[in-house]
Amino acid sequence: PPLPPAPVPIHARAPHSWLRMTLTEGRYHQVRKMVSAVRHNCLRLVRESIEEIAIGDMQPGEVRELDRQDFYRGLKL
């Protein structure tokens, strides 16, 4: 899927990069720590999915309600 629009840079010539990571198990601030370890700043994180629940083509501010059964099935609980 395409990446969301980039945040407004600090100034026009400020370098920036987008990274896509797939984690099978996340720890507290793990992505920020990994990016910091290679001397980059993490300005924004966008979570695309948790287990089988994905945002897909949802737009910012859009809400999708799941009933309890679909929610637990999506989280594989």
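Biologist: Which is Leu 23: buried, exposed or partly exposed?

Modeller: Leu 23 has a relative accessible area of 38%, so Leu 23 is partly exposed. The model is predicted, so local features need pLDDT of at least 70 and side-chain atom pairs count only at pLDDT 80 or more, whereas totals for chains, interfaces and linings use all residues. Residues are numbered from 1 along each chain as its sequence is written, and side-chain values use heavy atoms, with hydrogens and water left out.

Biologist: How many helices and strands are in the protein?

Modeller: Helices (H or I, at least four residues) and strands (E, at least two) are DSSP runs, numbered from the N terminus. This protein has two helices and two strands, and their pattern along the sequence is α-β-β-α. Leu 23 sits in the segment before α1, which covers 30-37.

Biologist: What percentage of the residues of the protein count as buried?

Modeller: The protein has 77 residues, and 6% of them count as buried. Accessible areas come from the Shrake-Rupley method with a 1.4 Å probe; for residues, only the protein chains shown count as cover. The accessible surface of the whole protein is about 7500 Å². Carbon and sulfur atoms hold 54% of that surface.

Biologist: Which residues form a nonpolar patch on the surface?

Modeller: Patches are made of residues with over 30% relative accessible area and no salt bridge; like charges are joined within 9 Å, and nonpolar side chains (Val, Leu, Ile, Met, Phe, Trp, Tyr) within 5 Å. Here the nonpolar patch consists of Leu 19, Met 21, Leu 23 and Met 34. Together these residues have about 350 Å² of accessible area.

Biologist: How many salt bridges does a search of the whole structure find?

Modeller: A salt bridge is a side-chain nitrogen of Lys or Arg within 4 Å of a carboxyl oxygen of Asp or Glu. The search finds five. One of them joins Glu 25 and Arg 27, at 2.6 Å from N to O. Glu 25 is partly exposed at 48% relative accessibility, and Arg 27 is exposed at 60%.

Another salt bridge joins Asp 70 and Arg 73, at 2.7 Å from N to O. Both residues lie in helix α2, three residues apart, which is about one turn of the helix. Asp 70 is partly exposed, at 33%. Salt bridges with shared partners also link Glu 51, Glu 52 and Lys 76 into one network.

Biologist: Where do Lys 76 and Glu 52 lie in the sequence?

Modeller: First the pair itself: their side chains meet in a salt bridge of 3.3 Å, N to O. Lys 76 is in the segment after α2 and Glu 52 is in the loop between β1 (49-50) and β2 (53-54), so the pair ties together parts that are 24 residues apart in sequence. Glu 52 is exposed, with a relative accessible area of 53%.

Biologist: Which residues does Glu 52 touch, not counting residues up to four places away in sequence?

Modeller: Contact means heavy atoms within 4.5 Å. With those neighbours in sequence set aside, Glu 52 touches Gly 74 and Lys 76. The C-alpha atoms of Glu 52 and Leu 75 are 6.2 Å apart in space, although the residues are 23 apart in sequence. For the whole protein, take the contacts between residues at least 6 apart in sequence: 28% of these join residues at least 24 apart.

Biologist: What does Ala 54 touch, not counting residues up to four places away in sequence?

Modeller: Ala 54, in strand β2, touches Glu 48, Ser 49 and Arg 64 under that limit. Ala 54 is partly exposed, at 36% relative accessibility.

Technical notes. Buried < 20%, exposed > 50% of the residue type's maximum accessible area, 1.4 Å probe, protein only.
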